[in-house]
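Here is a short report on one protein model. Keep the structure in view as you read.

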Amino acid sequence: MTGTALIVMDLQNDFCIGPAVASRYAGRQSLVDMAVMGTARALDVARTLGVEVIFVRFHGDIEYQGLSWRDRDLNLGKRPKCRAGTWGAEFHGVSPVPGERVFTKQARFDAFLTDGFEEHLIRGGVGHLVFAGLYTDVCVDSTARTAFQQGFHVTVLTDCTTSLHLPDDTIRRFMHTVYGARLRILDDPETWSPPGRREDWPTRSRTAAP
């Protein structure tokens, strides 16, 4: 399982622009804009190199939320984001081209909780995930953490991501320390190569669903 895939996380209107985003970032909208522009460039590079591109998006409709999610939103005064079929759920600054897979999380942070995501990676021989998009301390972290536990290698593009609640350096250092995530900029020549020697990679015992 030595293949590499670029995972584009949650670059959607509700997460990228508008008053809610501006208030969360308190004048630091440029951080989100930089992540969007960096991810768009990462897409161009991945497509040129023949690296598989996988889009992950979020739908936060109330009917997809568990009771704990609903209680949290009620207690904190949060409204559902990226509701299916709305402008807020549309991709922002990027879009898949024909043949690129899109996986939809239904009120989930972790893409591995989406039907077919892990099976698609295994079927394609992917063992190395390169992450771009939003947010480093929420959905990128949740998905990368499960990736590590499931035996996938993780690279986070530091110039193509940004965090929401935690300082960028804090969450990046955590990801690197706890589950060995490589922290790379897009132009690093090692970005797309799987970590370690290929002969050292274990053979995955699980097989993809038919």
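## Buried cysteines

This is a predicted model. Start with Cys160. Its relative accessibility is 1%, so Cys160 counts as buried; the cut-off for buried is under 20%. Cys16 is buried too, with a relative accessibility of 0%. Cys82 also has a relative accessible area of 0% and is buried.

How many disulfides does the whole structure hold? The search finds 0. A disulfide needs two cysteine sulfur atoms within 2.5 Å. For Cys16, the closest cysteine sulfur belongs to Cys82 and is 8.4 Å away, so the gap is too far for a bond. Cys160 is in no disulfide either. The nearest cysteine sulfur to Cys160 is that of Cys16, 13 Å away.

## The overall fold

Now step back to the whole chain. The protein has 7 helices and 6 strands. Along the sequence they follow the pattern β-α-α-α-β-α-β-α-β-α-β-α-β. The radius of gyration is 17 Å, close to the 17 Å that the globule rule gives for 210 residues, so the protein is as compact as a globular protein of that length. Its C-alpha atoms fill a box of roughly 50 × 35 × 35 Å along the principal axes.

Contacts reach across the sequence. Take those between residues at least 6 apart in sequence: 78% of them join residues at least 24 apart.

## Inside and surface

How much of the protein is buried? Of its 210 residues, 48% count as buried. The protein exposes about 10300 Å². Carbon and sulfur atoms supply 54% of that area.

Charge is the next topic. The protein carries 24 positive and 25 negative charges.

Ile171 is found in helix α7, which covers residues 168-179. Is Ile171 buried or exposed? Its relative accessible area is 4%, so Ile171 is buried. Which residues does Ile171 contact, leaving aside neighbours within four places in sequence? They are Thr136, Asp137, Asp141, Ser163 and Leu166. Arg41 is 130 residues from Ile171 in sequence. In space, the C-alpha atoms of Ile171 and Arg41 are 23 Å apart.

Ser142 lies in helix α6, residues 136-149. Its relative accessibility is 19%, and Ser142 counts as buried because the cut-off is under 20%. Setting aside neighbours within four places in sequence, Ser142 is in contact with Phe109 and Asp110.

## Backbone details in the loops

Where does Tyr135 sit? Tyr135 lies in the loop between β4 (126-134) and α6. The peptide bond from Leu134 to Tyr135 is cis, with omega near -25°.

Two other loop residues have a positive phi. Asp10 is not a glycine, yet its phi is about 55°. Asp10 has its place in the loop between β1 (3-9) and α1 (13-16). With a relative accessibility of 1%, Asp10 counts as buried. Cys82 is also a residue other than glycine, and its phi is near 55°. Cys82 is found in the loop between α4 (67-76) and β3 (101-106).

Definitions and conventions:
Residues numbered from 1 in each chain as written. Predicted model: local features only at pLDDT ≥ 70, side-chain atom pairs only at ≥ 80, totals over all residues. Heavy atoms only, no water. Helix = DSSP H or I, 4+ residues; strand = E, 2+ residues; numbered from the N terminus. Rg over C-alpha atoms; globule rule 2.2 N^0.38 Å. Buried < 20%, exposed > 50% of the residue type's maximum accessible area, 1.4 Å probe, protein only. Contact = heavy atoms within 4.5 Å. Areas by Shrake-Rupley, 256 points an atom, 1.4 Å probe, with all protein chains shown as cover. Lys, Arg positive; Asp, Glu negative; His and termini not counted. Charge placed at Lys NZ, Arg CZ, Asp CG, Glu CD.
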